[in-house]
Amino acid sequence: MHIIVNNQQLAVDKDGYLESLQQWNTDVATEIAQNENIQLSAAHWEIIYLLQDFYKEFEISPAMRALVKYTEKKLGPEKGKSIYLLQLFPPSPAKIASKIAGLPRPANCL
Amino acid sequence: MSTLHTVNKSSFTNRALESCILICRSSDGILLLEDGVFSALKSAPNATALEALNQQGIHIYALLNDVKARALEYKIAAHIQLISYDEFVSLTVNFNRVQSWY
Amino acid sequence: MIVPVMIFSINVQSPPSSQASYSAYQFCRALLRQGHNLHRVFFYQDGIYNATNLAAPPQDELDLYSEWQKLSKEHSVELVVCIAAALKRGLLNQEESIRYNKAGHNLAEGFTLGGLGQLIEAAAVSDRLITFGN
Amino acid sequence: MHKKILLISRHAPYGNSIAKDAFDAALATAIYDQDLSMLFMDDGIFQLLRDQQAQEISQKSFTSMLSALPFYDIDKLYIHQESLEQRGLTIENLIVDNATIVNSAQISNLLNHQDHILSF
């Protein structure tokens with residue numbers, strides 16, 4: 001399977017995760033988001049970059065609880081709530097946002 | 001509330017039993033199995049420590065099948081009780097939890 | 001002495017080449033003989049290799065792979081293999097084989113792939129959780 | 001049901017996957033809302049050293065991964081004093097400044113308060 005971004009074919013797996021994470025860029029993120037029926041706004045990008053920071057810091061893709069806590073720490077209690085993240089990335093924020101952010105598919109079968 | 005400790009490595013080459021002995025307290029028990037049964041030899045590195053624990057009331061067990069398989073039945077320390085798989089299960093019922101040292 | 005009936009779960013973290021897997025199997029047999037319940041056997045780390053259907057042990061050696069399957073059949077014991085540990089090591093069922101576009105699948109009948117949550121659930125509902133490691 | 005679970009991590013990082021599998025199991029235990037404590041002892045202490053550069057051997061660094069524990073609400077962390085001393089280390093060498101240093105007798109007591117032990 002693949003997605004097409006700027007006339008380039010990029011391989012994705014059956015669940016839409018990029019096969020080669022080095023290919024990630026903002027256009028790729030927009031395309032993956034569209035496949036999830038999400039139009040990326042500034043609020044989305046804030047979380048996407050936050051996820052990338054999380055990955056840089058801890059070398060793992062966060063589970064929901066960790067994402068909420070990390071968001072709370074970095075962006076404050078208003079945004080550090082499941083409901084806020086759910087509205088942006090339904091129905092499963094940690095998974096969907098990780099996919100859009102070009103993080104590895106969560107491996108720990110959680 | 002006591003813990004059954006199982007150790008499956010030989011104390012001639014591995015320190016799992018040594019750590020186990022440090023943690024073990026009064027009502028606990030230690031079961032040696034697999035290569036852990038080599039630690040039941042009278043000349044094993046932790047033999048004295050095991051015997052001292054036994055004198056404090058900590059039961060030391062060794063799995064008979066593993067002991068026989070390794071030709072140790074008549075070479076192990078006298079205070080060590082030989083048990084079957086069935087008795088192993090009974091021990092895990094009688095103790096409150098199990099810590100596996102490997 | 002009255003022996004209470006307990007719910008056990010077993011966490012097998014050792015490959016079949018380690019005697020710890022055999023101990024785990026004998027322990028399961030013994031607890032079932034005594035009338036206890038075996039809620040689940042969870043295979044983690046190299047323990048997942050117990051679940052391959054591609055192993056062909058010599059005829060005069062114990063076929064632990066088949067023994068696990070027999071145990072599961074005779075006592076309807078759940079044999080759950082950690083999916084993340086399995087995928088990493090090349091143990092797949094048909095579904096995962098298709099998902100990752102692999103040449104085949106090799107999860108033996110009687111075993112299922114499941115998340116680590118199944119180990120935690122087993123801990124939550126069991127009176128005893130016993131680890132066999134290598 | 002809510003159980004008290006102690007995860008004991010005794011193996012060094014990188015040489016094999018036991019330490020990483022223990023870490024994954026810890027995250028899972030926390031996510032499934034069990035009452036988790038974590039004890040590092042023996043060579044498991046080495047997982048906690050600062051400044052590990054595991055990219056040198058194409059692995060993920062435990063320095064980084066274990067720093068995520070607070071975000072999974074895993075905050076009952078224990079370190080075995082004798083293991084630390086045997087290795088010539090002090091808490092300053094380690095990433096977890098909120099961990100409790102416990103001696104062998106205290107560990108025995110810790111064990112006695114658990115429903116289950118996850119042994120790694």
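Predicted model: local features only at pLDDT ≥ 70, side-chain atom pairs only at ≥ 80, totals over all residues.
**Stop 1: chains B and C**

Show chains B and C together. Their contact (heavy atoms within 4.5 Å) takes 20 residues from chain B and 23 residues from chain C. About 1,700 Å² is buried between the two chains, 53% of it on carbon and sulfur atoms; buried area is the accessible area (1.4 Å probe) that two parts lose on being put together, summed over both.

Next, pick C:R33 and B:D86. They form a salt bridge, with the closest N and O atoms 3.3 Å apart. The term stands for a side-chain nitrogen of Lys or Arg within 4 Å of a carboxyl oxygen of Asp or Glu, and the count between chain C and chain B is 1.

Which elements of chain C give two or more residues to the side that touches chain B? They are α1 (19-33) and β5 (128-132), and α1(C) gives the most, with 9 residues. Helices (H or I, at least four residues) and strands (E, at least two) are DSSP runs, numbered from the N terminus.

**Stop 2: the sheet of chain C**

Stay with chain C and colour the strands. They make an open sheet of 5 strands in the order β4-β3-β2-β1-β5, with parallel pairing; two strands pair if DSSP finds at least two bridges between them. At the edges are β4 (111-114) and β5 of chain C, each pairing on one side only. From one strand to the next, the twist averages 25 degrees.

Zoom in on β2 (37-43) and β3 (78-82) of chain C, a parallel pair over 4 bridges. Here C:V41 stands opposite C:L79 in β3(C).

**Stop 3**

Move to chain D, where an open sheet of 5 strands has the order β4-β3-β2-β1-β5 with parallel pairing. Why is one side of β4 (100-102) and of β5 (116-119) in chain D left without a neighbour in the sheet? Both strands stand at the edges and have a single partner strand each, so one side stays without a neighbour.

Select D:M38 next; its bridge partner in β3(D) is D:L77. Helix α4 (104-111) of chain D lies across β1 (4-9), β2, β3, β4 and β5, running at about 105 degrees to β4(D).

**Last stop: the backbone**

In chain A, look at A:P90 and A:P91, which are joined by a cis peptide bond with omega about 0 degrees. A:P91 sits in the loop between α4 (82-88) and α5 (93-101) of chain A.

Finish with B:A71, which has a positive phi of about 60 degrees although it is not a glycine. B:A71 belongs to the loop between α3 (64-69) and β4 (81-83) of chain B.

Terms used
Residues numbered from 1 in each chain as written. Chains lettered and ligands numbered in written order. Heavy atoms only, no water. Axes fitted to C-alpha atoms, helices over the stretch in contact; angles between N-to-C directions.
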